[in-house]
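Dear colleague,

I am handing over the structure we spoke about, which you will find just below.

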Amino acid sequence: MSKILLIDDMPSVRGAIAAVLRKDGHEVVEAEDGHSGLERARESRFDLVITDIMMPNSDGTDVVFALKEQAGSPPVIAMSGGGSGIPAETALTLARSTADAALTKPFENAELLDAVGQLT
Amino acid sequence: MTQKTIQVPKPLSDQTPTGGFPAGGIGPDILRHLADAKPDLLVAAIEACPVNITIADMLRPDAPLAYVNPAFTETTGYALDDVVGRNCRFLQGEHTDPEAVAALRQAIEQETSIELDLLNYRKDGTPFDNHLKMAPVHDWSGRLVAYVGIQSDVTAERLRERAEIDRQRLEALGQMAGGVAHQLNNLLQPILSLVSLNQSDMKDSRMAADFDVVLQSARQAADVVRDTLAFSKGDSRTYVNVPIGEVVESQVAFIRTLLPADVRVDLKIEESAGANTVRIDVTQFSQVLANLMINSAQAMQASGNIDVFVSFLRPGHVTIAVSDEGPGIPAEHRARVLEPFYTTRSEAGGTGLGLSVVYGIVKRLGGTLAIETAGKDVPGGGCLVTLTLPIAS
């Protein structure tokens, strides 16, 4: 069982992914944007961070970079559904250079759990 | 529209030039001279004009053509004898814009000049975009005697302009597709996650089967989003070698679940054809079949039979034929059904991308697509779409 920080601005997406992770036995802390996500990451220690990279208020790629700058930072999985302006692949390539894994939405539960299993 | 008219001046027969063109150039008066003194030169100049020139006789009933130059006969395919004595409306046809014709008629009634584009037809029936400028010719007393017309075939230019507009629309679609994809992919995530999550706990087997359809539809929707992005960008796919019979069978079984209950699907696979291997992207191929079958179901207003027939008609290729019992494609739409954005169902949400996507996919696979429709091609009505795919070595 791992302690996972999940950052996504869409409650339905966050809720669904959290449900999959919890059923798999993980403890999940949710954050609704990059700013509060980084706050949670400073408050306590996580085994893994899963973050969307297209969110209002804070670009998810910045979150990935900020997390990675902290000493002893946990592994990060970046997620993207593509967006206006930046296509999913470009954003993921950006995130991939610093994140440890990347998932393109919509992904299957098995893909998510595989990625989590490999990083925790 | 300009109000300027051309007037024929009084004859100046006392000033006949003797050499070539006058040293001071040719003003309207001297042009008149030239007509008197060197009529052959003037005629030769008009005959050599690389634009179409017509002169309509306004003193005769129904304003028949009195003259057309060789450029006109070359563009239209009509000989001089075919056209002189007839009103030039014989160039108009089925798709000529009635509003443009009305504007032309009004200009003539008001004896004014006009410039417009008019869809005309050559003698062999092929249409061309005619850029037409017409001006009234008055005699010295102010009486309307003729209409002179200058025309150019601007078909190629207009095609280029339309292609450019389509290119811009595709570019806009590509940008829009990025935004739509982001939203749809985010909306599809909870469906995929939560349905799979809860499916294993399902005790009721019928409900579990229903959830399977939800899951498959969500996956197909994700693929459609990806394909729309790919269509606007030209993306890469995953091609695999699969036996055509197997892939058609599994995809038709799935697509059937998406069709209205009163649409029956009859699948026949010739044994010799079904075992052949084709190289395809399965998701993309499924999109091809789904597009064709959904089109058929819509054409039949959600009730009737769709036949899917896999056979071996052409050496080196397998043939997949999808036919229905609908009304077929009306003649006026046949030539354009493969064009991107061409739709007759815009009110019902049609984007006009379905068949053009199908055509694009089949072409990329090295196959062909033929559409035959009710009438002589398909006795008994309906539409028959036949696609062939090369057999993979």
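This is a predicted model: local features need pLDDT of at least 70, side-chain atom pairs count only at pLDDT 80 or more; totals for chains, interfaces and linings use all residues.

Chain A has 120 residues, of which 48% count as buried, and among its contacts with a separation of 6 or more, 60% are accounted for by residues 24 or more positions apart.

**Where the two chains meet**

The contact between the chains draws 20 residues from chain A and 15 residues from chain B. On the chain B side, the largest share, 14 residues, comes from helix H6 (residues 155-199) of chain B. That side of chain B divides into seven nonpolar and eight polar residues, with no charged ones.

Part of this meeting can be described as a pair of helices: the axes of helix H1 (residues 11-23) of chain A and H6(B) come within 8 Å and cross at roughly 30°. Because angles under 35 degrees count as roughly parallel, H1(A) and H6(B) are roughly parallel to each other, and the crossing of H1(A) past H6(B) is left-handed. From H1(A), the residues involved are A:Ser12, A:Val13, A:Gly15, A:Ala16, A:Ile17, A:Ala19, A:Val20 and A:Lys23, and they meet B:Asn186, B:Gln189, B:Pro190, B:Ser193, B:Leu194 and B:Leu197 in H6(B). By class, the contact of H1(A) with H6(B) has eight nonpolar, five polar and one charged residues.

**A helix pair within chain B**

A second pair lies in chain B, where the axes of helix H8 (residues 244-256) and helix H10 (residues 282-299) come within 10 Å and cross at roughly 55°. H8(B) and H10(B) are therefore oblique to each other, and H8(B) passes H10(B) in a right-handed crossing. H8(B) contributes B:Val247, B:Gln251, B:Val252 and B:Ile255 to the contact, while H10(B) contributes B:Val282, B:Phe285, B:Ser286, B:Leu289, B:Ala290 and B:Met293. Eight of these residues are nonpolar and two are polar, and no charged residue takes part.

In soluble globular proteins, nonpolar side chains tend to be buried together. Here the largest nonpolar core holds 36 residues, of which B:Val248, B:Leu289, B:Met293 and B:Val358 touch the most other members. Several elements of chain B give two or more residues to this core, including H8, H10, H12 and strand E13 (383-390), and H10(B) gives the most, with seven residues. Leaving aside its neighbours within four places in sequence, B:Leu289 is in contact with B:Gln251, B:Val252 and B:Ile255. Apart from this core lies another, of 35 residues, among them A:Ile4, A:Ala31, A:Ala41 and A:Ile53.

**One residue in detail**

Which helix of chain B holds B:Val362? B:Val362 lies in helix H12 (residues 354-364) of chain B, and B:Val362 counts as buried because 20 other C-beta atoms lie within 10 Å, the cut-off for a buried residue being 20 or more. Its contacts, leaving aside neighbours within four places in sequence, are with B:Val288, B:Gly367, B:Thr368, B:Leu369 and B:Leu387. From B:Gln284, B:Val362 is 78 residues away in sequence and 9.6 Å away in space, taken from C-alpha to C-alpha.

With best regards

Key:
Residues are numbered from 1 along each chain as its sequence is written. Chains are lettered from A and ligands numbered from 1 in the order in which they are written. Two residues are in contact if their C-beta atoms, placed from the backbone, lie within 7 Å. Helices (H or I, at least four residues) and strands (E, at least two) are DSSP runs, numbered from the N terminus. Ala, Val, Leu, Ile, Met, Phe, Trp, Tyr, Cys and Pro count as nonpolar, Asp, Glu, Lys and Arg as charged, and the others, Gly among them, as polar. A residue is buried if 20 or more other C-beta atoms lie within 10 Å of its own, exposed if 12 or fewer, and partly exposed in between; C-beta atoms are placed from the backbone. Axes are lines fitted to C-alpha atoms, for helices over the stretch in contact, and angles run from 0 to 180 degrees between N-to-C directions. Angles under 35 degrees count as roughly parallel, over 145 as roughly antiparallel, 65 to 115 as roughly perpendicular and the rest as oblique. A crossing is left-handed if the near helix is turned anticlockwise from the far one by less than a right angle, and right-handed if clockwise. A nonpolar core is a set of buried Ala, Val, Leu, Ile, Met, Phe, Trp, Tyr and Cys residues joined through C-beta atoms within 7 Å.
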